[in-house]
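Welcome, and please take a moment to turn the model around on your screen. We will walk through it together, one part after another.

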Amino acid sequence: MDFVDPILSLASEIYQLVENVKANKKRCRRVSQRVKALEELVWSIKQRETRKISSDVEKALQELCITLASAQELIRKYTAATWMERIINSGSHGDEFNSVNERLNDAFQILSGSLQVEQGNILYKVFELTSREKEDEVDGRDDDAELKKTLETYMKDQQEKIDKMLKDFELVKINVVKVMEMLNKPSATDEAIRMIKPEEIKYEYPKKPFMTTATSEVYKGQYHGFKVAIKRYTDPVNTSPRTDTTTVTDSSCCDWLALQVREVRSVFQKDVETMRRFESPNILRMFGICVQDEEGPEPQFLIIMEYCEKGSLRQVLDSSSRLSWTRKASMCLGAAQGLYRLHQTEKKSKVHGCINSSKFLVAEGYIVKLGGFELAKTETSLKKASKDKEIRSVCYSSPQMLDNINHIYSKECEMYSFGIVLWEIATRKKPFDGCSSKDIYQKVCKEKFMEPLPDDCPEPLASLINACRASDSFQRPSAGVLVDKLRSVVAQLEEQ
């Protein structure tokens with residue numbers, strides 16, 4: 001019950017801030033409307049103080065308090081005098097609102113389901129998924145249209161000062177163009193995940209793979225105006241019928257290949273249903289699969305996915321790119337939002353299973369995306385069976401997994417692995433570099449050791465990274481709470 005009054009206070013402050021926003025007005029007002037609906041639920045709790053509330057409700061209230069603080073920081077950005085500069089230097093204002101609205105929706109589902117208050121049926125309309133997504137889409141379109149006009153006006157004002165601030169103006173102009181391109185270009189999530197025709201794919205020439213593995217080659221290309229990575233399986237299991245001692249005729253071979261293509265299509269359709277639930281700007285977008293020469297003797301199987309210009313997160317950290325603490329914190333937030341979408345989507349525990357810095361990819365603008373689990377069943381059906389199974393790296397393993405080989409892998413274990421990734425972003429180093437598995441076990445399990453962070457690491461960010469790496473799994477935050485707190489950290493760093 002300690003969180004009720006702070007929640008009501010934060011809600012009141014959000015209403016006041018919304019009255020003074022200068023951009024994204026409809027998005028801000030929609031957040032305010034949903035906070036108002038949640039406030040009704042919280043008031044019902046306050047009026048029932050004599051009753052003991054469940055631990056689920058208490059936890060939901062605690063997380064709601066953190067979410068509202070994060071929402072307050074987001075809305076405050078658009079009331080400050082520097083709101084225009086913030087929009088120009090950030091291409092993710094729409095994604096921020098999507099993330100906040102998801103957290104508010106999740107809080108409503110938990111509170112309304114647990115309390116079963118009479119107002120629940122009425123307030124549910126505010127959070128009903130179909131209407132909520134439509135409202136958010138309309139709000140975003142209207143806000144973006146207004147923002148375009150504002151940016152064009154801003155450009156004209158800046159041009160009047162060009163004589164005395166030419167160098168600064170050129171930088172602003174470049175950033176404005178990037179934002180305008182972002183507002184005008186179609187969203188990858190608008191594209192359905194489906195079977196893709198070969199003629200819909202355009203390869204970048206010269207047609208040379210930029211990455212090669214034991215089972216595949218990956219090429220750059222384009223699909224419906226999007227830059228894509230095209231993974232081609234060089235020796236797929238489904239293209240070579242067994243000969244053994246049986247004579248294979250042309251007819252039986254064709255029948256066998258047709259059967260295998262149908263099986264791949266069937267597995268792909270099941271994967272599509274799974275991937276639709278994980279659509280997020282911070283999860284690697286899969287566009288679909290393509291079968292070339294389907295009727296021929298050697299059909300080619302391709303998986304078409306989003307292309308991330310900067311490569312893996314580990315490659316970015318190993319590069320010479322300059323990364324400020326604001327940039328690092330933003331990258332941490334992007335990675336956390338991808339993990340949150342994965343953890344939150346399924347009713348049952350849904351984990352990645354192999355979190356490390358190579359499983360995250362970095363797109364233009366240093367947008368971090370979680371990969372490494374998309375179309376998993378389809379890929380398995382295309383690869384030949386391998387005796388070598390992917391083993392979770394010891395340096396990313398939680399103390400519980402290191403200490404007990406039979407410990408069940410959970411979201412809490414995965415949060416520890418993610419904490420190591422956050423440490424990598426902060427330090428740009430490789431975890432436990434040069435240590436043996438025995439050394440890591442001694443340090444992590446026996447000594448409860450954490451590799452140190454840089455002295456200049458902002459304290460709020462350092463605190464969150466250390467919480468994720470806590471030896472006691474109970475002390476590690478959920479992905480949702482981590483997203484809320486990281487958003488506040490980014491907002492604070494942007495103000496400095």
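K36 is found in helix α2, which covers residues 25–47; helices (H or I, at least four residues) and strands (E, at least two) are DSSP runs, numbered from the N terminus. With 40% relative accessibility, K36 counts as partly exposed, on a scale where buried means under 20% relative accessible area, exposed over 50%, and partly exposed in between (1.4 Å probe, protein chains only). K36 and I14 are 22 residues apart in sequence, yet their C-alpha atoms are 9.7 Å apart in space.

A word on what you are looking at: this is a predicted model, in which local features need pLDDT of at least 70 and side-chain atom pairs count only at pLDDT 80 or more, while totals for chains, interfaces and linings use all residues. Residues are numbered from 1 along each chain as its sequence is written, and side-chain values use heavy atoms, with hydrogens and water left out.

Now look at helix α1, residues 4–18. Its 15 residues reach 21 Å from first C-alpha to last, close to the 21 Å expected at 1.5 Å a residue (the expected span is 1.5 Å times one less than the number of residues). V4, I7, L8, L10, A11, I14, L17 and V18 are buried in α1. An α-helix has 3.6 residues a turn, so residues three or four places apart point the same way. The buried residues of α1 pack against α2 and α3 (55–77).

Stepping back, the chain holds 17 helices and 9 strands, and buried residues make up 49% of its 496 residues. A contact means heavy atoms within 4.5 Å. Among contacts between residues at least 6 apart in sequence, 72% join residues at least 24 apart.

Where do the nonpolar residues gather? A nonpolar core is a set of buried Ala, Val, Leu, Ile, Met, Phe, Trp, Tyr and Cys residues joined through side-chain atoms within 4.5 Å. The largest such core has 50 residues, and L313, F360, F418, L422, L461, L482 and L486 have the most contacts inside it. Among the elements that give two or more residues to this core are α10 (313–318), α14 (411–427) and α17 (479–495), while the largest share, 10 residues, comes from α11. Leaving aside neighbours within four places in sequence, L486 is in contact with C332, L333, A336, L461 and L464. Apart from this core lies another, of 48 residues, including A23, V42, C65 and V179.

Strands β8 and β9 run antiparallel, joined by 4 bridges; two strands pair if DSSP finds at least two bridges between them. A363 stands opposite I367 in β9. Their hairpin has 3 residues between the strands, and there G365 takes a positive phi near 85 degrees.

Finally, consider confidence: pLDDT is the predictor's confidence in each residue, from 0 to 100. The chain averages 82, and 81% of the residues score at least 70.
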